[in-house]
Amino acid sequence: QVQLVESGGGLVQPGGSLRLSCVASGTIFRIYAMGWYRQAPGKQRELVASITSGGVTNFADSVKGRFTISRDNAKNTVYLQMNSLKPEDTAVYYCNVYAAPEMLRGPRDYWGQGTQVTVSS
C-alpha cells in the first residue's frame, strides 16, 4: 500500500504564496509520475500540475507562470510552489502519485487526503 501525506495548505491573502508538500511512503517499487489536482466548491476536480520521473512537467493554463512543481526523488516527495495566488485558486488540493507498489504489479493512481488552500482578503 502506498500512502500519501500532504502538508502546506492554509489561508493566504491574494498575491501571497504557499508551498504544498506530498510525501509518498509504504511499499513503492517505482514512481512514474506525481502531481497535484484541485477541487473548488461546486467544481470538478482538475489537474493543476504534474511531473514525470524524467522531469517533464505539465501545468493547467490557469496556473502557468505562477505555480511550479518539483520533486525530490530520493525522498519520494513532490512540491507545488504557488505564487501570486488568486481567490479563484481556493480549493482542496490533492496529491496524486502514479506508481507501481511492487515489481509484479502494474502502476496505478494513489491519492492524498487533500489539503485546503484558501485565498482571501
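## Pro107 and its loop

Pro107 sits in the loop that links S9 to strand S10 (108-111). This is a predicted model, and in it Pro107 comes out as partly exposed, with a relative accessibility of 32%.

What does Pro107 touch? Leaving aside residues up to four places away in sequence, Pro107 is in contact with Tyr32, Tyr98, Ala99 and Ala100. Ile31 is worth a look too: 76 residues separate Ile31 from Pro107 in sequence, yet their C-alpha atoms are 8.2 Å apart.

## The disulfide

The model has 1 disulfide. Cys22 and Cys95 make it, with 2.1 Å between their sulfur atoms. Cys22 belongs to strand S3 (residues 18-26) and Cys95 to strand S9 (residues 91-100), so the bond ties together parts 73 residues apart in sequence.

Are these two cysteines buried or exposed? Both Cys22 and Cys95 are buried. As for handedness, the torsion about their S-S bond is about -85 degrees, so the disulfide is left-handed.

In soluble globular proteins, nonpolar side chains tend to be buried together. Here, the largest nonpolar core counts 31 residues, and Trp36, Leu80, Met82 and Tyr93 have the most contacts inside it. Several strands each supply at least two residues of this core, among them S3, strand S4 (30-39), strand S8 (77-82) and S9. The top contributor is S9, which gives 5 residues.

Take Leu80 as a close-up. Not counting residues up to four places away in sequence, its contacts include Leu18, Leu20, Val48, Phe67 and Ile69.

How values were computed:
Residues numbered from 1 in each chain as written. Predicted model: local features only at pLDDT ≥ 70, side-chain atom pairs only at ≥ 80, totals over all residues. Heavy atoms only, no water. Disulfide = S-S within 2.5 Å. Helix = DSSP H or I, 4+ residues; strand = E, 2+ residues; numbered from the N terminus. Buried < 20%, exposed > 50% of the residue type's maximum accessible area, 1.4 Å probe, protein only. Core = buried A, V, L, I, M, F, W, Y, C linked by side-chain atoms within 4.5 Å. Contact = heavy atoms within 4.5 Å.
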